[in-house]
Amino acid sequence: DVKVTQSSRYLVKRTGEKVFLECVQDMDHENMFWYRQDPGLGLRLIYFSYDVKMKEKGDIPEGYSVSREKKERFSLILESASTNQTSMYLCASRPILGANYGYTFGSGTRLTVV
Amino acid sequence: AQSVTQLGSHVSVSEGALVLLRCNYSSSVPPYLFWYVQYPNQGLQLLLKYTTGATLVKGINGFEAEFKKSETSFHLTKPSAHMSDAAEYFCAVSEAGGYNKLIFGAGTRLAVHP
């Protein structure tokens, strides 16, 4: 069964810490995405990567960065965590010519910054 | 630019009743349309999608949706609700051009009561 795996389901970090959220997919997909999900705000795109070492800002990139050194792995980095980054983070992937495929999502990481 | 509107952030039905979740989209080109379901503390799972061809699309768990171009709608239905259908549902349209990213609606939370 194809999968997108997020390394942590629940994470608690302190304000000011550097936080890494990891996402790995085993489907050889070129496109990978990071979203955050907050009540009443739906899914908001933080960053996406259309291929290895390539990245594009989404709608809310401030306070975040990403890394894509290998095709299967896409990392989201919170440079200095703040309480307003407490959220559910969702990773997704899709083949490069997959406009009609839809995304495959991971199970999410619920991050709490205290 | 494409957009998606889901009418009703919360919908409540009785077990056995018809489920109708509304989705309207705007797109300047023939769209690819998707419905996703999210169970508590999980990622999003693809329910069904419309790409081309038959406008009535059947998905998993007894759900179906009909693409109506004249109404720019893609409403999700299920004839008889089960308690296990309680979840959040997201409609999405594939962006035309660029990286064909998915544009998500704000979501509809479905409650099913006995």
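A salt bridge is a side-chain nitrogen of Lys or Arg within 4 Å of a carboxyl oxygen of Asp or Glu. The legends below describe close-up views of a predicted model.

**View 1. The salt bridge between B:Glu64 and B:Lys58.** The closest N and O atoms of B:Glu64 and B:Lys58 are 2.8 Å apart, within the 4 Å cut-off. B:Lys58 has a relative accessible area of 62% and is therefore exposed. B:Glu64, at 22% relative accessibility, counts as partly exposed.

**View 2. Salt bridges within chain A.** A search of the whole structure finds 11 salt bridges over all chains. In one of them A:Glu22 pairs with A:Arg73, with 3.8 Å between the closest N and O atoms. This pair links distant parts of the chain, since A:Glu22 is in strand S3 and A:Arg73 in strand S8 (residues 73-78), 51 residues apart. A:Arg73 is partly exposed, at 39% relative accessibility. Another salt bridge joins the side chains of A:Arg44 and A:Asp38, at 2.8 Å from N to O. A:Arg44 has 25% relative accessibility and counts as partly exposed, whereas A:Asp38, at 11%, counts as buried. A:Asp28, A:Glu30 and A:Lys71 are linked in a network of salt bridges.

**View 3. The disulfide of chain A, between A:Cys23 and A:Cys91.** A disulfide is a covalent bond between the sulfur atoms of two cysteines. The sulfur atoms of A:Cys23 and A:Cys91 lie 1.9 Å apart. The link is left-handed, with -80° about the S-S bond. A:Cys23 belongs to strand S3 (residues 19-25) and A:Cys91 to strand S9, so the pair links distant parts of chain A, 68 residues apart. A:Cys23 and A:Cys91 are both buried.

**View 4. The disulfide of chain B, between B:Cys23 and B:Cys91.** The count over all chains comes to 2 disulfides. In chain B, B:Cys23 is joined to B:Cys91 with an S to S distance of 2.0 Å. This link is left-handed, at -65° about the S-S bond. Because B:Cys23 lies in strand S3 (residues 19-26) and B:Cys91 in strand S9 (residues 87-94), the pair ties together parts that are 68 residues apart in sequence. B:Cys23 and B:Cys91 are both buried.

**View 5. The surroundings of A:Asn31.** A:Asn31 is placed in strand S4 (residues 31-38) of chain A. With 5% relative accessibility, A:Asn31 counts as buried. Its side chain reaches the backbone oxygen of A:Tyr50 at 3.3 Å. Leaving out residues up to four places away in sequence, A:Asn31 touches A:Ser49, A:Tyr50, A:Ala92, A:Ser93, A:Arg94, A:Pro95 and A:Ile96.

**View 6. The interface of chain A and chain B.** Here 23 residues of chain A are in contact with 20 residues of chain B. The area buried between the two chains is about 1,700 Å², and carbon and sulfur atoms give 57% of that area. A:Ala99, A:Asn100 and A:Tyr103 supply 27% of the area that chain A buries against chain B, more than any other three residues. There are 0 salt bridges between chain A and chain B, while 8 residue pairs are in polar contact across the interface. On the side of chain A that touches chain B, strands S4, S5 (42-51) and S9 (87-94) each supply at least two residues. The largest share of this side, 5 residues, comes from S5 of chain A. The residues on this side divide into 13 nonpolar, 6 polar and 4 charged.

Note on methods: Residues are numbered from 1 along each chain as its sequence is written. Chains are lettered from A and ligands numbered from 1 in the order in which they are written. This is a predicted model: local features need pLDDT of at least 70, side-chain atom pairs count only at pLDDT 80 or more; totals for chains, interfaces and linings use all residues. Side-chain values use heavy atoms; hydrogens and water are left out. Helices (H or I, at least four residues) and strands (E, at least two) are DSSP runs, numbered from the N terminus. Buried means under 20% relative accessible area, exposed over 50%, partly exposed in between (1.4 Å probe, protein chains only). A polar contact is a pair of N or O atoms within 3.5 Å; within protein, one must be able to donate a hydrogen and the other to accept it, and residues adjacent in sequence count only if both atoms are side-chain atoms. Contact means heavy atoms within 4.5 Å. Buried area is the accessible area (1.4 Å probe) that two parts lose on being put together, summed over both. Ala, Val, Leu, Ile, Met, Phe, Trp, Tyr, Cys and Pro count as nonpolar, Asp, Glu, Lys and Arg as charged, and the others, Gly among them, as polar. A disulfide is a pair of cysteine sulfur atoms within 2.5 Å.
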